[in-house]
Amino acid sequence: MAMKISKNKFNDRLSMNLDNDFMRSAVSSAQHRFQTRRSTAIESLDWEQWRNHGEEIRQHVLEHLDYYLYELSENVAARGGHVFFAKTAEEATNYITNIAKEKQAKKIVKSKSMVTEEINLNTHLEQLGCEVIETDLGEYILQLDDHDPPSHIVTPALHKNKEQIRDIFTEKIGYTASSQPEELAQHARQILRQDYLTADIGITGCNFAVAETGSVCLVTNEGNADLVAALPKTLISVMGLERIVPTFEEMEVLVSMLTRSAVGQKLTSYITVLTGIQEELDVDGPEEFHLVIVDNGRSSILGGEFQSILQCIRCAACVNVCPVYRHVGGHTYGSIYSGPIGAVLSPLLGGYDDYKELPYASTLCGACTDVCPVKIPLHQLLHKHREVIVEREGRAPISESLLMQAFGMGTSSQSIYRFGSKLASTAMKPFTSDDKISSGPGLLKNWTDIRDLPSPKKERFRDWFDTHSKGGRS
Amino acid sequence: MIKNREAFLQTIATQLGRSTPSLTKPERNWKHLPQHEVLKGASADELVEILVEHCANIHTTVKICTQLTLKQTLEEAFATYNNGQIIYSEDARFEQLQIESFIAAQQSFKWDPTQGDMNIEIAERANIGVVISDITLAESATIMLQSSAQRGRTLSFLPENSIAIIPKSSIVPRMTQAAQFLRKQSHVASCVSFITGPSNSADIEMNLVVGVHGPVRMMYIIVEDV
Ligand code: SF4
């Protein structure tokens, strides 16, 4: 899978996803649960102070990124690891596929990693004839389902219900039991256990790399990353160039903030810090370790007005509060990065041609900014994108007020509307001429349809929305 | 081996407005350090209390015993998990806690670096893995294990049931203290694991399933060793 997950245009993706009732109610209830858990997990802390600290750590690292990458690479090498700096996705995939060739690898086990999806690593390895197995349960499900794209950056299979998952297991891996999550997970456990034991290469992402020691820190609940890193003889970790901290002390702070913000846990079940290759007499752990540091468009964000997006620790807290994500689901964004973080990052990494509508998939309500553990001004960055796009295109690709009305936010949900209009009023000024709904050409037409025409789609959406907003959860 | 570093760092330096990449360690002058305030001044007993309370949230059974009753507690724990093959690490603290010979007398295997992959094979079919926590975090009910030749990484991952013995003296407020400890080490273990309860996943309709890739059940035994 590459970063781009759909060839369809934004408006087609939108109408497809508005038709998916299960997806929307799943997203809505997931958001609610994520939010509750997060609030509980931070309630005993002076969270604003934590956010200030999280922000200062991330800003400091970005300001000194050249130094910290230097220090990191020295320390990885000192512990017997190889470091490869990849300017482009292609350089990264070439390097990794060459390792696979050299090792004559047949089977590769992977733990969840957004950056390997961004660089489309699996496809390249599969073209080589390797069997590549995603071991995170959510990713495993999506992979079995003919590479269905992820819809959430933390729980990628959020859009699937357990019956669909049972059907996928039945069709693809000879599953015969019920749709109980326990039974499904047990089956996956048995199959994947054998895969860990027989894989030639393990590939992980990297939540945080620690410059001072050359360590890679992995955060999971399932423990899959640990087995991926412990059993195969060759380990490759892939990281975006910004995912670095100076020492264990800052790692600790950001891990604590990540797990709270992402899943509302004080810590996830497994926080694993890997340093170098196995040591003398060690029985498990890799004999060979490669750290691949990927740029792929990130360095050009540095030093510019979007630099703060590189502070991101991929917790998805912004996704979990976003009213637009709630309505349209992850796939509408057309990128592996969805929600507010995706709406800011995808156009930067993937270009405006593919992603110019995304900065408009926001009410600019600022809920994302308020919840972000590292204080990225997400809604301001979205606004900045719009300015850039308008300058470039001479017009907005879509009208914001139309967008809000399309989601029923103007009338059905006062609270969201108020929320939305807090900042939107100034942000919308340049587009007010687009307010005339019926005259919307091209892309706008779809919004017009949703808003004005009594299509079945519209009815279901409204019904759904009303029920949920009356439940007090909107 | 390090490849392509120079050009890569030069690009970054240029973006950051520097003519060449910086090679001097920057000062870290943090304005905020909220992590030091968490559970500040809590007594050893209070830390135990916090740890025990949090175990309910992480699907972990917790027992408290003294050094005198440890053997019996462990025996009961093995029985709870239906005994069977046990694997444990080579760790002088088993002897200090006077349970080494008891465990050795069970159907057990002590991790042995001279036996190579056989350790992994035994861990894979073992019913119970037993380890002693190096540092224990009260706030999140987390044990910390440093890998070594005597304690492989997979020992605490592969068996279906996992028992962690927690010396009371190993309990600190939170990960902050563990990070400080690790920074002071002249050599960091190749794998440091912070483990908080059994393996789990919420990937299917956000229902929590316990026991996905690692242990299905977990028990902490806190020993009053001080
Ligand atoms: S932008 Fe902030 S809230 Fe969103 S994923 Fe990144 S760190 Fe989390």
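**Before you start.** This is a predicted model, in which local features need pLDDT of at least 70 and side-chain atom pairs count only at pLDDT 80 or more, while totals for chains, interfaces and linings use all residues. Residues are numbered from 1 along each chain as its sequence is written, chains are lettered from A and ligands numbered from 1 in the order in which they are written, and side-chain values use heavy atoms, with hydrogens and water left out.

**Chain A.** Select chain A, which has 22 helices and ten strands; helices (H or I, at least four residues) and strands (E, at least two) are DSSP runs numbered from the N terminus. Of its 474 residues, 66% are buried, a word that stands for under 20% relative accessible area with a 1.4 Å probe, protein chains only.

**The interface.** Now select both sides of the contact (heavy atoms within 4.5 Å), to which chain A gives 112 residues and chain B gives 86 residues. The buried area, meaning the accessible area (1.4 Å probe) that the two parts lose on being put together, summed over both, is about 8100 Å², and carbon and sulfur atoms give 59% of that value. Between the chains there are ten salt bridges, each a side-chain nitrogen of Lys or Arg within 4 Å of a carboxyl oxygen of Asp or Glu. One to display is Arg28(B) with Glu250(A), where the closest N and O atoms are 2.4 Å apart. Helix 1 of chain B, with seven residues, gives the most to the side of chain B that touches chain A.

Select residues 82-86 of chain A, which are strand 1 of that chain and run parallel to strand 1 of chain B, joined by two bridges; strands count as paired if DSSP finds at least two bridges between them. Here Val83(A) stands opposite Ile2(B).

**Ser299(A).** Which residues does Ser299(A) touch, leaving out those up to four places away in sequence? They are Lys87(A) and Leu241(A), together with Thr11(B), Ile12(B) and Gln15(B). Ser299(A) lies in the loop between strand 10 (288-294) and helix 13 (317-321) of chain A, and is buried at a relative accessible area of 4%.

Select next the eight strands of an open sheet with mixed pairing, in the order 8(A)-5(A)-6(A)-9(A)-10(B)-7(B)-6(B)-9(B). Strand 8 (244-245) of chain A and strand 9 (171-172) of chain B stand at the edges with a single partner strand each, so one side of each is left without a neighbour in the sheet.

**Strand 6 of chain A.** Finish at residues 215-220 of chain A, where six of the six residues are buried, so this strand is largely enclosed by the rest of the structure. Ser215(A), Cys217(A) and Val219(A) point one way, whereas Val216(A), Leu218(A) and Thr220(A) point the other way. Strand 5 (residues 208-210) of chain A pairs with strand 6 of chain A in the antiparallel sense over three bridges, with Val216(A) as the bridge partner of Ala209(A). These two strands form a hairpin with four residues between them, and Gly214(A) in the turn has a positive phi of about 70 degrees. Six bridges join strand 6 of chain A to strand 9 (residues 270-275) of chain A in an antiparallel run, where Ile271(A) is the bridge partner of Val219(A).

Note on methods
Buried means under 20% relative accessible area, exposed over 50%, partly exposed in between (1.4 Å probe, protein chains only).
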